[in-house]
Amino acid sequence: MAANKSTQIGLTLLIALVSGYLFTLLRIPIPWLLGPMIGVWLTSRSSVKLQWPSYFQSAGLIIVGYAIGLSFTISTLQEIARQLPSMVILTLLLLLLCSLIAFGLSKLTGIPFPTALTGSIPGGLTQMIALAEETKGIDITVVTFLQASRLMIIVVSVPLLIFSPLVGSVPSAALPASPLVTETAGWGELFPSLIPYAIACTACAVIGKKVRFPTAYLLVPMLVAAALHLSGLPGPVLPPTFIAAAQLMIGCYVGLLLKPETLQNKLRIVSLAAASGVILVLGACGLSYLMTKMHPVSAATSLLSLSPGGMDQMGIIAHEIGANVSIVTSYQLFRTFFIFFAVPPLLRILFRKLVPDTGKLEQ
């Protein structure tokens, strides 16, 4: 069985490498995230058995968290404080839009509203699945599909929008110097300065996971790296190969999560889930336009800041195109914290009223 599992993991890696390389040749944005995700997902729909341990994804998230954490500076924190009211307003508007989408989805498909709402809230795929697992009366399969399909639609469509004439972004290679993008360390320059960061980020991420810190493998390394960087401890910017490997590890995991064959009324749910994802992207575009009117930020930065696709995916895209990574991750971070610390208590109250017998969280 161990040999069979190793073979399936090796096959998954091979498919991911081929898909990523193919997407690179085709010049598709973030090829090492989209390529493995789509390649593994399509292959898994056949009779081929694939596996990808969750700890690979966790390692990828730690790498991304470290890379994002290095982008924070004192001036960035001051800008975040200045934009805090905007973060609150735009986050509430985005959650209101998601609630309206969930209500429509529930009416059109017959999915219970608590399940539709849990599947529509942009709180991160793995985190909302965890919330669904803790909540009685929630269909985890439907939540997983809604979250994963939304993520795939956003991760595929947002880069296309970013590079379209509507936004007018350009690949990072054509951008002026950016500390996060161009001042990468060579392989020989990573050590020993990377060692304290690697130990601190990994250890704190594991501890954060044990104490149920939200998105521990991404947020904790990001916060630790930012704190160490702001304290003056030099940290090397990772070579592009590191970032590509992190994208691959995350992409394989997400690709294997989407299993529409387990759904009832597949065609109806799939089509409406796709439609709701498109509506959410359009809503995010509208809010991002509002953000550009409120603050002097680029269209690409505002769209990535408000796209409900997960901080790791949006951070990777921002990193690739040279957008303001710290602003993007700050908006994504604020929404993540708001959703995980404010939304669950509200959902508990709402679900108890909607489904008195099954809407309680397990103790």
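Which residues is Pro-122 in contact with, leaving aside its neighbours within four places in sequence? I started my notes there, keeping in mind that this is a predicted model.

**Entry 1: Pro-122**

I found Pro-122 in the loop between helix 6 and helix 7 (125-134). I got seven names for the question above: Leu-94, Leu-95, Cys-98, Arg-150, Pro-308, Arg-335 and Ile-339. I then looked at the spacing to one of these, Leu-95: 27 residues apart in sequence, 7.9 Å apart in space, C-alpha to C-alpha. The relative accessible area of Pro-122 is 5%, so I put it down as buried, the cut-off being under 20%.

**Entry 2: helix 6**

Next I went to helix 6, residues 113-120. I noted seven of its eight residues as buried, so this helix is largely enclosed by the rest of the structure. The buried ones are Pro-114, Thr-115, Ala-116, Leu-117, Thr-118, Gly-119 and Ser-120.

**Entry 3: the whole chain**

I stepped back to look at the chain overall. I have 17 helices written down and zero strands. The chain has 363 residues, and 52% of them are buried. For contacts with a separation of 6 or more, I see that 77% are between residues 24 or more positions apart. The accessible surface comes to about 16500 Å², with carbon and sulfur atoms holding 68% of it.

**Entry 4: the cores**

Which residues have the most contacts inside the largest nonpolar core? I have Trp-52, Tyr-66 and Leu-304, in a core of 77 residues. Helix 12 (residues 240-257) gives the largest share of this core, with nine residues. Apart from it I found another core, made of 14 residues, including Ala-116, Ile-121, Ala-273 and Ile-339. Two of those names were already in my notes: Ala-116 as a buried residue of helix 6, and Ile-339 as a contact of Pro-122.

I looked up Trp-52 by itself, not counting residues up to four places away in sequence. Trp-52 touches Ile-9, Thr-12, Leu-13 and Gln-57, and also Leu-248, Met-249, Cys-252, Tyr-253 and Leu-256.

**Entry 5: helix 2**

I checked the length of helix 2, residues 31-44. At 1.5 Å a residue, its 14 residues should span 20 Å, and I have the end C-alpha atoms 19 Å apart, which agrees. The buried residues I listed in this helix are Pro-31, Leu-33, Leu-34, Gly-35, Pro-36, Met-37, Gly-39, Val-40 and Ser-44.

**Entry 6: a nonpolar patch**

I found a nonpolar patch of about 520 Å², made by Ile-89, Leu-93, Leu-96, Leu-100, Leu-290 and Met-294. Helix 5 (84-109) and helix 13 (266-294) each put in at least two residues, and the largest share, four residues, is from helix 5. I picked out Leu-290, which sits in helix 13. Its relative accessibility is 35%, so Leu-290 counts as partly exposed.

**Entry 7: Cys-204**

Is Cys-204 buried or partly exposed? I have it at 31% relative accessibility, so it counts as partly exposed. Cys-204 is in helix 10 (residues 194-210). Leaving aside neighbours within four places in sequence, I see Cys-204 in contact with Val-220 and Val-224. I also noted Leu-223, 19 residues from Cys-204 in sequence and 9.8 Å from it in space, C-alpha to C-alpha.

**Entry 8: two loop residues**

Where is Ala-323? I placed it in the loop between helix 15 (311-321) and helix 16 (325-341). Ala-323 has 14% relative accessibility and therefore counts as buried. Not counting residues up to four places away in sequence, I have Ala-323 touching Thr-301, Leu-304 and Ala-318. Leu-304 was in my core entry too, among the residues with the most contacts inside the largest nonpolar core.

My last stop was Phe-163, in the loop between helix 8 (140-162) and helix 9 (179-182). At 29% relative accessibility, I have Phe-163 as partly exposed. Phe-163 and Ala-300 are 137 residues apart in sequence, yet I get 8.8 Å in space, C-alpha to C-alpha.

Key:
Residues numbered from 1 in each chain as written. Predicted model: local features only at pLDDT ≥ 70, side-chain atom pairs only at ≥ 80, totals over all residues. Heavy atoms only, no water. Buried < 20%, exposed > 50% of the residue type's maximum accessible area, 1.4 Å probe, protein only. Contact = heavy atoms within 4.5 Å. Areas by Shrake-Rupley, 256 points an atom, 1.4 Å probe, with all protein chains shown as cover. Core = buried A, V, L, I, M, F, W, Y, C linked by side-chain atoms within 4.5 Å. Expected span 1.5 Å × (residues − 1). Patch = residues over 30% accessible without salt bridge, like charges linked within 9 Å, V, L, I, M, F, W, Y side chains within 5 Å. Salt bridge = Lys/Arg side-chain N within 4 Å of Asp/Glu carboxyl O.
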